[in-house]
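Please examine the sequence and the fold shown below. The paragraphs that follow lead through selected elements in turn.

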Amino acid sequence: MTKMGRYYRDLAACIPPTPRKKQVLTPMKQVNPFRQASYVLSAHELRQLPPDEGIEVAIAGRSNAGKSSAINALTDQKSLARTSKTPGRTQQIVIFRVDDERRIADLPGYGFAKVPLALKEHWQQVLEAYFQSRHCLRGVVLVMDIRHPMKPFDQQMLAWCQAAGVPCHVILTKADKLKRGPAQATLLSVRKKLPELGSAQVFSARTRDGVEHLIDHLRGWFEFDQDHEQPADA
Ligand SMILES: Nc1nc2c(ncn2[C@@H]2O[C@H](COP(=O)(O)OP(=O)(O)OP(=O)(O)O)[C@@H](O)[C@H]2O)c(=O)[nH]1
Ligand SMILES: [Mg+2]
């Protein structure tokens, strides 16, 4: 070997091998299918609702519990559902469309004292009929303020769900108002009181705590498959 040849051989030996680029598999992230939700109509009577087809999930709860805020958190939209500091704001069944076959129904808040008696009675009847007759109703998200759970109205709603054989998922919202310990204690005590088809979680529309959990739960009810799965950096 020539002097030059040895030089290049020795030089090559000094250069560390180029590390082979490790193939990084992009983790699959599930895109939130509820982001595409849009307003359809507000109904005062059952006959004004869209045809009883496809899959509908209702959001129920006492006035001011945080139903509309939960819908906005779920759909990642600031003002899809109207929120208000004034209890009893949602006084219709407000329908949002997720796609051609899937809908979310924001039910009127019940239990607000200042709503006129006639209107209260009207909604009592309409909601009861809704639970009994709406075949496309796949499940109910029952929103409770975590500081005031399981009021008589909530128990009535759970009883209606049970009677209709409709699953009920309780979200204990405004969890940002409690420390973690008391929030978990409330969750455990609520879970003990749930009927067979019941489940519960902690939630906050303000901090978005529990939003992913709710999305996952609703994916099941709405029978979303892998169509919405995309790479995390998409
Ligand atoms: N801190 C906190 N406040 C919340 C949360 N969710 C809702 N709120 C507040 O609670 C109030 C009522 O919220 P809404 O979402 O309008 O409640 P609703 O159940 O739709 O009320 P009605 O339609 O009147 O029955 C508003 O002032 C919201 O900003 C939450 O997770 N944390
Ligand atoms: Mg509302």
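How many bridges join strand 3 to strand 5? In this predicted model, the two strands run parallel and are joined by five bridges. Strand 5 comprises residues 102-106, and within this pairing I104 of strand 5 is the bridge partner of V57.

Strand 3 also pairs with strand 6, which covers residues 137-145. This pairing is likewise in the parallel sense and extends over six bridges; here A58 has V140 of strand 6 as its bridge partner.

Helix 1 presents another setting. The helix is formed by residues 3-14, and the number of buried residues among its twelve is zero, so it lies largely in the open. From its first C-alpha to its last, helix 1 reaches 17 Å, which is close to the 16 Å expected at 1.5 Å a residue.

V170 belongs to strand 7, which consists of residues 168-173. Is V170 buried or exposed? The residue has 27 C-beta neighbours inside 10 Å, and because the threshold for burial is 20 or more, V170 counts as buried. Leaving aside residues up to four places away in sequence, V170 touches L142, M144, V190, L194, G198 and A200. Finally, V170 and Q201 lie 31 residues apart along the chain, yet their C-alpha atoms are separated by 6.4 Å.

Methods: Residues are numbered from 1 along each chain as its sequence is written. Chains are lettered from A and ligands numbered from 1 in the order in which they are written. This is a predicted model: local features need pLDDT of at least 70, side-chain atom pairs count only at pLDDT 80 or more; totals for chains, interfaces and linings use all residues. Two strands pair if DSSP finds at least two bridges between them. Helices (H or I, at least four residues) and strands (E, at least two) are DSSP runs, numbered from the N terminus. The expected span of a helix is 1.5 Å times one less than its number of residues. Two residues are in contact if their C-beta atoms, placed from the backbone, lie within 7 Å.
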